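Opening the notebook on this one.

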Amino acid sequence: MADYAKDVLVDTQWVQDHLDDPSIRIVEVDENPALYAEAHIPGAIGFDWKKDLQDQVKRDFLGPEEFGQLLGSRGISNDHTIVLYGDRNNWFAAYTYWYLNYYGHDNVRLMNGPREKWISEGRPTTSEVPSYDSATFRAQPGDDRIRAMRDEVLAALDSNINLVDVRSPQEFSGELIAMAGYEQEGAQRAGHIPGAASVPWAQAVKEDGTFKDADELRELYAGKGVIADGNDIIAYCRIGERSAHTWFVLHELLGQQNVKNYDGSWTEWGNLVNVPIEKNV
């Protein structure tokens, strides 16, 4: 498909053709979790990114044991091919893809296009919640090759690691601390990490939410200096979901080897006391 580095996308027709395939588990993860109850792909399991995928006490995601229990309890085993999709052009679907890869499950596909595309094409939906027998899912230890932590980002400021900020231009410049409508979830300070390139995540997709061709994507990220000189790349946003989408584009579609998602992102960095920030306002 469009000369991508890895065969990690499936189109809506492929998903429809595999609705009754027992080796596949379709999973919907939305930014707005209420959408799943209204309508979803028949047989799709719904994850609430806040309640299911995040630790309910500290600002972090689940440990390997809890993650394995979550998937197993919903009928997902290590033998399943997991197909992910969601709203907002697959923000949280891409985040869940990255999360699964982090815990060693790489038999994952992303539907090329969000739930809106599926619905607009008149494909089948249901409000029925599927019931699968519980299964065993064992998560591997986390893969630090694809996750960046705060100290690593701090160290990157004095190195040749390329940072990419995938938030909106207003968030990058410091005009806004968080996207409109998300003001309660912002950081103390506005701006961006020094030296970061600004490439809003949505520039990677077409109007219908499907990904641009590999050549277009390469041109976009090379043009902004994100893909340059074989340097390692760290992507960040506000809470790690938009940057997981960009990680997916760079690492999976374009085959960039050393790309990490800094899921602490601006909510962590903008609240730290003694780290540098830049503003353009």
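My entries follow, grouped by topic.

**Entry 1: what I am looking at.** I remind myself that this is a predicted model. I started with the charged side chains and found 13 salt bridges in the structure.

**Entry 2: Glu31 and Arg88.** I looked up one of the salt bridges, the one between glutamate 31 and arginine 88, where the closest N and O atoms are 3.7 Å apart. Glutamate 31 sits in the loop between β2 (24-30) and α2 (34-38), and arginine 88 in the loop between β4 (81-85) and α4 (91-102), so this pair ties together parts that are 57 residues apart in sequence. I checked the cover too: glutamate 31 is buried at 15% relative accessible area, while arginine 88 is partly exposed at 36%.

**Entry 3: Asp143 and Arg145.** Next I went to aspartate 143 and arginine 145, whose side chains meet in a salt bridge at 2.9 Å, N to O. Buried or exposed, I asked of aspartate 143? Its relative accessible area is 18%, under the 20% cut-off, so I have aspartate 143 down as buried. Arginine 145 has 64% relative accessible area and is exposed.

**Entry 4: helix α8.** I found a salt bridge between arginine 218 and aspartate 215, 3.5 Å from N to O. Both residues lie in helix α8, three residues apart, which is about one turn of the helix. I get 34% relative accessible area for arginine 218, partly exposed, and 54% for aspartate 215, exposed.

I stayed on α8 for glutamate 216, which is in that helix (residues 214-223). I noted glutamate 216 as partly exposed, at 42% relative accessible area.

**Entry 5: a network.** Which residues are linked with Glu121 in a network of salt bridges? I wrote down Lys117 and Arg123.

**Entry 6: Pro33.** I came back to the loop between β2 and α2, where proline 33 lies. Proline 33 counts as partly exposed, with 31% relative accessibility. Leaving out residues up to four places away in sequence, I see proline 33 touching Asp48 and Trp49. I also checked proline 33 against tyrosine 4: they are 29 residues apart in sequence, and their C-alpha atoms are 30 Å apart in space.

**Entry 7: Gly46.** Glycine 46 is in strand β3 (residues 45-48). I have glycine 46 as buried, with a relative accessible area of 17%. What does glycine 46 touch, not counting residues up to four places away in sequence? I listed Glu28, Tyr36, Asp52 and Arg74. I also took a C-alpha distance to alanine 34, which is 12 residues from glycine 46 along the chain, and got 10.0 Å.

**Entry 8: Glu241.** My last stop was helix α9 (residues 241-253), where I found glutamate 241. I noted glutamate 241 as buried, with a relative accessible area of 1%. Again skipping residues up to four places away in sequence, I see that glutamate 241 touches Trp91, Phe92 and Tyr95.

Notes. Residues numbered from 1 in each chain as written. Predicted model: local features only at pLDDT ≥ 70, side-chain atom pairs only at ≥ 80, totals over all residues. Heavy atoms only, no water. Helix = DSSP H or I, 4+ residues; strand = E, 2+ residues; numbered from the N terminus. Buried < 20%, exposed > 50% of the residue type's maximum accessible area, 1.4 Å probe, protein only. Contact = heavy atoms within 4.5 Å. Salt bridge = Lys/Arg side-chain N within 4 Å of Asp/Glu carboxyl O.
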